[in-house]
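Student: Pick one part of this model and take me through it closely. I'd like the neighbours as well, in one connected story.

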Amino acid sequence: MTPPVPEPASTGRTKGAGWQIGVSRTVGVPVQEVWAFLVSTEGLAFWLGQGVQVLDGRGQRYETTDGTAGEVRSLRPRDRVRLTWRPQGWDHDSTVQVAVTTAGPGRSVLRFHQERLADAVEREQQRQHWRAVLDAVVNELEPPRLT
């Protein structure tokens with residue numbers, strides 16, 4: 001087996017949004033159910049952090065119990081939410097977008113995208129973070145089936 005080829009140093013860097021990362025997964029759950037989970041108190045804790053009860057709409061400020069703070073930039077029900085995201089200890093805001101789209105009957109694609117990251121190192125840290133978040137959300141939405 002050949003080792004993975006490392007990404008070029010500029011992978012994930014754009015002119016307009018700086019360093020960015022995106023992860024996605026298809027889940028066997030309809031968009032309405034995925035969205036309902038994402039915006040519930042329980043779902044928000046999975047991807048945004050503990051302590052946020054509700055995301056109401058544009059301009060709403062939020063802060064999690066671990067100090068991550070930001071503001072909702074846009075919220076389109078059953079589609080996407082875009083917000084600023086600054087964990088405690090960061091010296092800059094980034095932008096996170098969570099989107100859900102239909103992938104056929106009873107299936108959805110869930111995407112996490114983050115931009116305005118500081119550098120390639122922060123990009124890789126956030127790639128790992130959002131992959132873990134995606135795994136946790138998918139495991140919650142699609143519990144293991146008994147065979």
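Tutor: Let's start with what a contact is: two residues touch when they have heavy atoms within 4.5 Å of each other. This is a predicted model, so keep in mind that local features need pLDDT of at least 70, side-chain atom pairs count only at pLDDT 80 or more, and totals for chains, interfaces and linings use all residues. Residues are numbered from 1 along each chain as its sequence is written, and side-chain values use heavy atoms, with hydrogens and water left out.

The part I'd pick is strand β6, residues 94-102. Helices (H or I, at least four residues) and strands (E, at least two) are DSSP runs, numbered from the N terminus. The protein chain has three helices and seven strands, and they come in the order β-β-α-α-β-β-β-β-β-α.

Ala-99 sits in β6 and is buried at 4% relative accessibility. For the cut-offs, buried means under 20% relative accessible area, exposed means over 50%, and partly exposed is in between (1.4 Å probe, protein chains only). Beyond its neighbours within four places in sequence, Ala-99 is in contact with Asp-79, Arg-80, Val-109, Leu-110 and Arg-111.

Arg-116 belongs to strand β7, residues 108-117, and has a positive phi of about 65° without being a glycine. At 42% relative accessibility, Arg-116 is partly exposed. Arg-78 is another non-glycine with a positive phi, about 60°, and it lies in the loop between β4 (69-76) and β5 (80-85).

Now step back to the loop between β5 and β6, where you'll find Trp-90. Trp-90 is buried, with a relative accessible area of 18%. Not counting residues up to four places away in sequence, Trp-90 touches Trp-85, Gln-114, Leu-117, Glu-122 and Gln-126. Trp-90 and Ala-118 are 28 residues apart in sequence, while their C-alpha atoms are 9.5 Å apart in space.

The axes of α1 (residues 31-38) and α3 (residues 120-141) come within 11 Å and cross at roughly 120°. Here axes are lines fitted to C-alpha atoms, for helices over the stretch in contact, and angles run from 0 to 180 degrees between N-to-C directions. Under 35 degrees counts as roughly parallel, over 145 as roughly antiparallel, 65 to 115 as roughly perpendicular and the rest as oblique, so α1 and α3 are oblique to each other. On the α1 side, Glu-33, Val-34, Phe-37 and Leu-38 meet Val-137, Glu-140 and Leu-141 of α3.

As for α1 itself, Val-31, Val-34, Trp-35, Phe-37 and Leu-38 are buried. These residues cover an arc of only 160° around the axis (taken from the directions from the helix axis to the C-beta atoms), which puts them on the same side of α1.

For the whole protein chain, buried residues make up 41% of the 147 residues. Of the contacts with a separation of 6 or more, 47% are between residues 24 or more positions apart.
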